Amino acid sequence: MSRPLAPLWALVPSRTGVPLLKVGGTPEAPGPLDWPACEMCSGPLRFLFQLPHVEGKLDLAPYASVHVFQCENPDSVCFRWDPEEGANAVVAVKAGAPAVSEPPGPVKPYAEWTLGFEPATEDTEALSVDVNEATDEQLAALDRAQETAPESKVGGVPGWLNGEATPECCDAPMRFVAQLSAMPYGLEFGDNGRGYLFRCTRDDCPRPFRFLTQGA
């Protein structure tokens, strides 16, 4: 039986790239952005990546961009993989006068990569299986789907490494926005892991985005 393929966009390194679409370096915001601190250790969070609103590809409205950070303090044991503990942050920025505040302490930037979009497809049925209840046939299909699906993407469904972990907000599961692989960017997502970005389904949510990571 054929399975449905979801339209989505792979995120790929690109020399020209899409404006404001990048990994590493320092955040570039189309409006005011306050650099966040870790809620567990109070140290500065390290900037990971940012995504812009792009009509027809990535709908972040009413926000112009989102910027993702995580704690990498070597002197603490902060739960940076968790979407609720405050050791990572997603800062949503509305268009305005561009201004990025200084980090609340020294922080080393990652190497900067500009990114672009490439059209892609994936096996949504196979990728959406619950590994805790899947049959051997479903697990085999999942392995095949993960081999062909883009590791970094916007849209589609999450490619979980350690089982389904969709966060909830406002009493409902959040909507998947994007996924970013640790490699080739050298990001600290466990052992060659992935980061997952989600958005609340309510437009009036005061904290509309969450981020979490899973290691391979």
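I count two strands as paired if DSSP finds at least two bridges between them. Helices (H or I, at least four residues) and strands (E, at least two) are DSSP runs, numbered from the N terminus.

**Entry 1: basis.** I worked on a predicted model, in which local features need pLDDT of at least 70 and side-chain atom pairs count only at pLDDT 80 or more, while totals for chains, interfaces and linings use all residues. I number residues from 1 along each chain as its sequence is written, and side-chain values use heavy atoms, with hydrogens and water left out.

**Entry 2: the sheet.** I looked up the strand order and found an open sheet of ten strands, β6-β5-β4-β2-β8-β1-β9-β12-β13-β14, with antiparallel pairing. The edges are held by β6 (88-93) and β14 (209-214), each with a single partner strand, so one side of each is left without a neighbour in the sheet.

I then followed β8 (residues 113-120). Strand β2 (residues 22-23) pairs with β8 in the antiparallel sense over two bridges, and Val23 stands opposite Trp113 there. Strand β1 (residues 8-13) also pairs with β8, antiparallel and over six bridges; Ala10 has Glu118 as its bridge partner in β8. With strand β9 (residues 153-155), β1 forms an antiparallel pair over three bridges, where Leu8 is partnered by Gly155.

**Entry 3: strand β5.** I asked how many residues of strand β5 (residues 65-70) are buried. I take buried to mean under 20% relative accessible area, exposed over 50%, and partly exposed in between (1.4 Å probe, protein chains only). Six of the six are buried, so β5 is largely enclosed by the rest of the structure. In a regular strand the side chains alternate between the two faces of the sheet. In β5, Ser65, His67 and Phe69 lie on one side and Val66, Val68 and Gln70 on the other, and both faces are covered.

Six bridges join strand β4 (residues 46-52) to β5 in antiparallel fashion, with Phe47 partnered by Phe69. Six bridges also join β5 to β6, again antiparallel, and Gln70 stands opposite Asn88 in β6.

**Entry 4: the largest pocket.** I used a 1 Å grid over the protein atoms alone, on which a pocket is an open set of points where a 1.4 Å probe fits, with protein on both sides within 12 Å along at least five of seven lines; lining residues have an atom within 4 Å of a point. The largest pocket has a volume of about 240 Å³, volume being the space filled by probe spheres set on the points, which are joined across faces, edges and corners.

Its lining has 17 residues, of which Glu39, Asn88, Ala89, Val90 and Arg207 lie nearest the centre. β6 and β14 each supply at least two lining residues, and β6 gives the most, with five.

I also noted Arg210, which is placed in strand β14 and counts as buried at 7% relative accessibility. Arg210 and Val90 are 120 residues apart in sequence and 6.4 Å apart in space, C-alpha to C-alpha.
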